[in-house]
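Please consult the sequence and the model shown here.

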Amino acid sequence: RLFEHAGVMAGPIEYEHGDALRYDGSTRIRQGASLSQPVHLIGARRVMRITAVVGTRPQLIKLAALAPQLTAPIEPFVIDTAQHHDEVLAGQIYRDLGIAPADLLLPEPGNLVGEARLTEMRRSISASIAQTRPEAVLVFGDTDSTLAGALAAQDHGVPIIHVEAGVRSGDLTMPEERNRIAVDTIAALRLCTSDTAVAALE
């Protein structure tokens, strides 16, 4: 049931590494294949652990949209990188969105920026993945949190699911554009918001 809300057909399905699929809540995918290590995402009887990495308010909103699908047999584990953390508003936004607080809140990056911040987030997420051993890592959009989560998953050979894959501005001077391309390159499953995004990955 994980991606039924995100436009993936119901029933047990497998995906090929690097598949780009359209999702918009109404389009249902009519085809599927398998990950490099086949994992039944839908209809499985066993528990499937999925780590979701967020760090900004827009990513929390996207996570909230998928939260109703992250139920048994799926066992979600949410990591908040605190990329845009506000101690006063942090708890409130989780409550407003109707989702539980993150299972792991990383230390605020403080004065760290750029590569130093990315490296620290990647290290912390990697340590969590080593401990929790998820079957997949779910990342959203194009932030440094997105890239850090994807790189940490890659470090452990864990399949990456990228929500909002294929979005392109064409401006490689933008860090977000470079992040999108890097994550799409290594993602096992790329979920796209439009046919234009799917075409960008073809």
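Apart from neighbours within four places in sequence, glutamine 83 is in contact (heavy atoms within 4.5 Å) with Gly55, Thr56, Arg117, Met121, Thr143, Asp144 and Ser145. The model is predicted: local features need pLDDT of at least 70, side-chain atom pairs count only at pLDDT 80 or more, and totals for chains, interfaces and linings use all residues. Residues are numbered from 1 along each chain as its sequence is written, and side-chain values use heavy atoms, with hydrogens and water left out.

Glutamine 83 lies in the loop between strand E3 (74-80) and helix H2 (87-97); helices (H or I, at least four residues) and strands (E, at least two) are DSSP runs numbered from the N terminus.

Two helix pairs are set out below, with axes fitted to C-alpha atoms over the stretch in contact and angles from 0 to 180 degrees between N-to-C directions.

| Helix pair | Axes come within | Crossing angle |
|---|---|---|
| H4 (residues 144-155) and H5 (residues 175-186) | 9 Å | roughly 25° |
| H3 (residues 114-132) and H4 | 8 Å | roughly 45° |

H4 and H5 are therefore roughly parallel (under 35 degrees). Asp144, Thr146, Leu147, Ala150, Leu151 and Gln154 in H4 meet Asn179, Ala182, Val183 and Ile186 in H5.

Methods
Angles under 35 degrees count as roughly parallel, over 145 as roughly antiparallel, 65 to 115 as roughly perpendicular and the rest as oblique.
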